[in-house]
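Hi,

Here is the structure I promised to pass on.

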Amino acid sequence: MTASPVAAPAAGPTRRGVPVRLEALRRSFGDTPALAGLDLELAPGELVALLGPSGCGKTTALRVLAGLEEADSGRVLVDGEDVTDRPVNRRGMGMVFQAYSLFPHLTARENVEFGLRLRGRPGGQRRRRADEMLELVGIGSQSRRYPHQLSGGQQQRVALARALAIEPRVLLLDEPLSALDAKVRVQLRDEIRRIQLEVGTTTLFVTHDQEEALAVADRVGVMRAGRLEQLASPAEIYLRPASAFVADFVGLSNRISGYAGPGGTVRVLGQELPLVEPAAAPVGPDTPVTALVRPEAVELLPDGDARVLAASFLGPISRVTVSLPDGTPLVAQVGSDRLAELAPGTPVRVRLRAAPVALAG
C-alpha cells in the first residue's frame, strides 16, 4: 500500500478535528474476511474518502470505527484514546447514512434536536443549536416542515444537520448521496465539503462513486480485499496510481499491448512511455506487457490507419472510440468542438502523450 504523509489540509479555517487511527483491524464474516489488517490514519480536520468495489471492506471499516461492528482484532484510537471497546453512544460520532432515518412525526428542527435532547440539553439551547445547523446546511426556512414535506436532498441535509448538532469528534458518512438524483448529488456533495471545511470535523466518507471521492476528499483510500491499495491525494490517485488495480479501478483506462523498454519504460504503438512505477517493469527487454493508458493521453490526428467507430457527447468533452489497424478499440477524450471532424468512419492517426502509465496485472 502506498500512502502520502498524513497532514491536515493546508487551506481553510482553524480546524477543531481530532486524529483518528485504525490499527491492524481484522473482521471476518464466517469464512469471508472483510478487513485484513487494515491500517488507516486521519489527520485532525481531514476528510478521507474510502473507495473500492463491493465487498472490499470500506463500509465495514466505517462501522468498526463507529462501534456498530466489533473487530476481531486491532484497535481504534480517537484523539489518542483507545475506544475499541466503547459502545456507540460513548464514541462521540456523528453518522449520516444512505437512508435518511428521520423521524416522520418530528419536524426538521425537532429531528435535529433529537440527539441534543438525549444528551439532556435545555430546550432553548437545543432550539438555537438546531436552527444554527439548519442554516449551516442551507434549509433554515424549512425548520417547521415534516420529512414528507421535504425533498430527498432536503431530508439528507436535515440528517447532516442532526449529525453535526451534537458536535461530534468524528463525522461518518456512509454512501450519503447514493439515493439522490445526479444533479442534487453534485450540489449536496459540494455542500458537504463546504460545511466540513467550515466546521473542521475529521470525516470518513465511504462511497462507491469515484467522481464523488475525488471531488470532496483531502485524501482517497482505494480498498481491495480488506486492505488499502493506496492512500493519497485525489490527484496522485488518478495521475500516479500505485498499482494496476488502482489504475484500472479509478477512472477509465485503455488496455494496450506493448513491450518492455529500457530504463523503466514501455513501447506502445511505436512510442516509448515512462512507467508510473519503473520498478514494476518486467525483467528483460521486449517482454510483452499491457499498458493502462488514460483517454486524455490519447491524441487523434488527421489521416492515419485507425478509424473512428463512435463518439459519446459528455458536454464540454467527448469520448471517441477508434479502431486500431489490428482491430483493438481505443478510447480518446477530446473537446466536443472536434466532433464534427471525427464522424464515424473518419481515418485518424493515434498519438500518445508522454504521460506515465501503469502496467496491467
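This is a predicted model: local features need pLDDT of at least 70, side-chain atom pairs count only at pLDDT 80 or more; totals for chains, interfaces and linings use all residues.

Numbering starts from 1 along each chain as its sequence is written, and side-chain values use heavy atoms, with hydrogens and water left out.

The largest pocket comes to about 480 Å³. Of its 21 lining residues, M93, M95, R162, A163 and I166 are the closest to the centre. (On a 1 Å grid over the protein atoms alone, a pocket is an open set of points where a 1.4 Å probe fits, with protein on both sides within 12 Å along at least five of seven lines; lining residues have an atom within 4 Å of a point.) Strand β7 (93-97) gives the most to that lining, five residues, while α2 (108-118) and α4 (152-165) each supply at least two. Helices (H or I, at least four residues) and strands (E, at least two) are DSSP runs, numbered from the N terminus.

Now T201, in the loop between α5 (182-199) and β9 (202-206). T201 counts as buried because its relative accessible area is 7%, and buried means under 20% (1.4 Å probe, protein chains only). Its contacts (heavy atoms within 4.5 Å) include G45, E46 and Q196, leaving aside residues up to four places away in sequence.

P329, in strand β18 (329-335), is exposed at 53%, where the cut-off is over 50%.

Cheers

Note on methods:
Grid points are joined across faces, edges and corners, and a volume is the space filled by probe spheres set on the points.
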